[in-house]
Amino acid sequence: MKKYSRIKMIGKMVAFGVLAGTAFTFALMLLWNWLMPAIFGLTVITFWQALGLLALSKILFGKGQRPSWQNREKSKMHKEQFMNRFKRSRCNDVVEPSKGMSYEEK
């Protein structure tokens with residue numbers, strides 16, 4: 001019984017994904033065909049061309065999902081390490097003038 005409900009759940013998720021993808025592609029096609037010819041004088045596109053544009057945008061710009069908490073913590077740690085190294089390197093470059101000497105004399 002559990003195996004059947006798991007398969008049923010996966011089937012529903014796949015169906016929802018296909019339906020959402022189709023709706024998103026159709027919305028992109030409608031927006032393109034409504035705006036682009038009027039603004040830029042471009043031609044209208046078909047459903048499959050809109051799907052190709054979506055695929056291309058996913059390849060070029062990423063998944064569009066936020067990273068998980070673990071990845072956020074890891075990126076925060078890397079950012080802190082970078083900032084610490086940057087501060088140390090910048091602080092070593094600054095030369096403090098000794099007492100009794102001007103900065104130009106040193």
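Modeller: The side chain of Thr 25 reaches the backbone oxygen of Gly 21 at 2.8 Å. A polar contact is a pair of N or O atoms within 3.5 Å; within protein, one must be able to donate a hydrogen and the other to accept it, and residues adjacent in sequence count only if both atoms are side-chain atoms. The model is predicted, so local features need pLDDT of at least 70 and side-chain atom pairs count only at pLDDT 80 or more, whereas totals for chains, interfaces and linings use all residues. Residues are numbered from 1 along each chain as its sequence is written, and side-chain values use heavy atoms, with hydrogens and water left out.

Thr 25 is placed in helix 1; helices (H or I, at least four residues) and strands (E, at least two) are DSSP runs, numbered from the N terminus. With a relative accessible area of 1%, Thr 25 is buried. Buried means under 20% relative accessible area, exposed over 50%, and partly exposed in between (1.4 Å probe, protein chains only). Of the 106 residues of the chain, 5% count as buried.

Leaving aside neighbours within four places in sequence, Thr 25 is in contact (heavy atoms within 4.5 Å) with Phe 47, Ala 50, Leu 51 and Leu 54. Phe 47 is itself partly exposed, at a relative accessible area of 23%.

Rings of Phe, Tyr and Trp (its six-membered ring) pair if their centres lie within 6.5 Å; planes under 30 degrees apart count as stacked, over 60 as edge-to-face and the rest as tilted. By this rule there are two aromatic pairs. The ring centres of Phe 47 and Trp 48 are 5.2 Å apart and their planes stand at 85 degrees, so this pair is edge-to-face. Trp 48 is exposed, with a relative accessible area of 64%. For Phe 82 and Phe 86, the ring centres are 6.3 Å apart and the planes lie at 20 degrees, so the pair is stacked. Both Phe 82 and Phe 86 belong to helix 3 (residues 69-93), four residues apart, about one turn of the helix. Phe 86 is partly exposed, with a relative accessible area of 42%.
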